[in-house]
Amino acid sequence: MAPQPTTYFHSVELQRKKCQGCVSCVKLCPTEAIRVRNGKAEILGDRCIDCGACAAGCPYHAFNVKTDTLDGLADYAYNIVLPAPSLYAQFPDNIPLESIWQGLHNIGFDEIFDVSLASEYIALEIEEYVKKNSNGRKPLISSTCPAVMRLIQVKFPELIKQVVPVLPPVEAAAIYVKREAAARKQLPKELIGVWFISPCPSKETNIRQSVDVHHTELTGSFSLSEIYGLLLKNLGGTHELNVRTGSSYGMAWGTYGGEIESAGITNGLAIHGIDNVYDLLEQVSMNKMPQLDYVECSACKGGCLGGLLAAENKFVAECNLRRRIAGLREQEPADRREAMARTMVLENFPHSEAYRKKLVARPMMQLDDDIMEAMKKFERMEEVLCSLPGLDCGACGAPSCQGLAEDIVQGKAHEIDCIFKLRASVHKLSQGMLELAKQIPIYHEPAEINKTEADNDEG
Ligand code: SF4
Ligand code: SF4
């Protein structure tokens with residue numbers, strides 16, 4: 001098994017100056033990767049899965065998503081861009097795809113390859129895998145969303161066996177198109193840039209540190225909203241580009257439930273939103289849904305169309321894309337497989353098996369490298385946890401009492417970070433001081449002493 005990386009690339013980054021320490025993000029994080037200490041949030045890199053939930057919920061816009069800039073195109077002799085349905089969904093369906101493709105060409109890309117075509121090949125692989133594994137533990141889990149894959153790695157490693165081992169369509173598209181363009185253009189692969197237009201941070205992270213492939217052929221990715229802004233000024237009218245594109249079924253991958261539909265799965269469930277996905281995986285982990293064949297999970301609310309880097313409102317985008325799909329479907333054979341067969345004419349499209357990396361667990365709570373020391377710390381953590389109020393209020397800057405107990409044992413926090421413990425300590429201290437005060441001899445001013453003595457003499 002390949003060793004796990006010890007440091008993780010993250011596209012979601014915090015701008016400390018903007019953070020007001022409000023702790024909103026602490027409660028939003030599905031992997032308990034955020035702490036607020038000394039009034040500022042901190043991200044624990046070994047836990048973060050780059051889902052973007054914190055960035056979406058921060059009222060002070062204190063998070064940033066790292067993506068590439070178009071300057072990077074200058075480093076390559078030939079640049080190919082991979083638009084996905086999430087890009088098309090930003091535009092009303094009366095804007096032809098050709099116009100969007102021409103716009104991409106106008107802003108500097110030499111060639112365009114539509115990810116929806118790759119989605120169809122992957123859909124057929126999923127269909128086959130689900131059929132072959134119908135007697136195994138169910139439901140099987142989609143591997144398309146990298147944030148969900150990372151969530152499984154850190155929180156639900158027991159579900160790894162249920163993940164369908166196929167490539168995300170964008171990775172498959174990159175492998176195919178780079179190899180094919182290198183041969184056609186007689187260029188070394190190193191001189192070909194293959195770029196994605198990403199709706200979310202997790203896809204950007206996956207290019208830098210993939211959970212799916214041994215070696216990605218993607219060069220980088222641009223923020224969907226930035227490219228959208230440029231496209232608005234560059235949409236073209238000419239239709240001379242030779243773009244290979246998919247059917248309505250490939251296009252449907254942009255909407256939630258589209259993956260299930262294109263794979264012909266009738267007994268599946270599509271879930272979106274990281275909190276919903278978390279709930280679902282918990283149920284699957286307890287084997288409470290064995291009657292279901294397949295679950296399609298997207299970390300973003302509204303699927304990829306609700307990604308943090310999308311430009312258009314997710315409901316408007318969903319409406320745009322569904323209309324585009326309906327328009328395509330009117331031109332296609334009624335049978336799904338027949339419709340897909342009309343576009344799936346590429347030679348030697350990569351099969352996932354040759355490229356897919358095995359998903360491995362990424363344990364989140366490692367108290368110590370030394371097992372004996374870890375056990376001692378665990379016992380201590382349990383003791384500390386018992387002494388905490390168990391309200392999971394988040395006021396201490398940790399997401400839960402358990403999180404604070406762990407931080408205390410690791411020497412990263414103090415018991416009095418808990419406001420209830422602090423109040424109890426202050427109360428105890430003040431009681432102690434009162435008791436002490438009672439033992440202090442009463443002090444009399446000299447004049448008062450003389451007066452008392454004189455009074456006594458008179459008496
Ligand atoms: S949500 Fe998190 S990052 Fe944003 S201001 Fe509040 S504590 Fe800081
Ligand atoms: S990106 Fe997601 S996992 Fe990472 S800190 Fe933010 S909410 Fe947590």
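Visitor: Does Val130 count as buried or exposed?
Guide: Val130 lies in helix H5 (residues 115-132); helices here are DSSP runs of H or I with at least four residues, strands are E runs of at least two, and both are numbered from the N terminus. Buried means under 20% relative accessible area, exposed over 50%, and partly exposed in between, with a 1.4 Å probe and protein chains only. Because its relative accessibility is 12%, Val130 counts as buried.

Visitor: What kind of model is this, and how are residues and chains labelled?
Guide: Residues are numbered from 1 along each chain as its sequence is written, while chains are lettered from A and ligands numbered from 1 in the order in which they are written. Side-chain values use heavy atoms, without hydrogens and water, and local features need pLDDT of at least 70, side-chain atom pairs pLDDT 80 or more, whereas totals for chains, interfaces and linings use all residues, since this is a predicted model.

Visitor: What separation do the C-alpha atoms of Val130 and Met372 have?
Guide: Val130 and Met372 are 242 residues apart along the chain. Their C-alpha atoms are separated by 43 Å.

Visitor: Which residues make the nonpolar surface patch of about 340 Å²?
Guide: A patch takes residues with over 30% relative accessible area and no salt bridge, joining like charges within 9 Å and nonpolar side chains (Val, Leu, Ile, Met, Phe, Trp, Tyr) within 5 Å. A salt bridge is a side-chain nitrogen of Lys or Arg within 4 Å of a carboxyl oxygen of Asp or Glu, and areas come from the Shrake-Rupley method with a 1.4 Å probe, only the protein chains shown counting as cover for residues. The patch is made by Ile371, Met372 and Met375.

Visitor: Is Ile371 buried or exposed?
Guide: Ile371 has its place in helix H15 (residues 371-387). Because its relative accessibility is 60%, Ile371 counts as exposed.

Visitor: In what order do the strands of the four-stranded open sheet run?
Guide: Two strands pair if DSSP finds at least two bridges between them. Strand E5 (residues 78-82) is joined to strand E8 (residues 192-198) by five bridges and to strand E6 (residues 111-112) by two bridges, in the parallel sense. The pairing in this sheet is parallel, and the order is E6-E5-E8-E9. The edge strands, each pairing on one side only, are E6 and strand E9 (220-223).

Visitor: Which residue in E6 is the bridge partner of Ile80?
Guide: Ile80 stands opposite Val194 in E8. In E6, the partner of Ile80 is Glu111.

Visitor: How many of the five residues of E5 are buried?
Guide: In a regular strand the side chains alternate between the two faces of the sheet. From E5, Tyr78, Ile80 and Leu82 point one way and Asn79 and Val81 the other way, and all are buried. E5 is therefore largely enclosed by the rest of the structure, the buried count being five of the five.

Visitor: Which are the edge strands of the three-stranded sheet?
Guide: This open sheet has the order E7-E11-E10 with parallel pairing. Each edge strand pairs on one side only, and they are strand E7 (140-141) and strand E10 (268-272).

Visitor: How many bridges pair E10 and E11?
Guide: In strand E11 (residues 294-298), the bridge partner of Gly268 is Tyr294. E10 and E11 pair in the parallel sense, and the number of bridges is five.

Visitor: How many of the 10 residues of helix H4 are buried?
Guide: The buried residues of H4 are Leu97, Ser99, Ile100, Trp101, Gln102, Gly103 and Leu104. Helix H4 (residues 97-106) is largely enclosed by the rest of the structure, because the buried count is seven of the 10.

Visitor: How many charged residues are in the shell around ligand 2?
Guide: A residue is near a molecule if one of its heavy atoms lies within 4 Å of it; of the 13 around ligand 2, Cys29, Cys48, Cys51, Gly52 and Cys54 come nearest. Ala, Val, Leu, Ile, Met, Phe, Trp, Tyr, Cys and Pro count as nonpolar, Asp, Glu, Lys and Arg as charged, and the others, Gly among them, as polar. The shell has 10 nonpolar and two polar residues, and the charged number is one.
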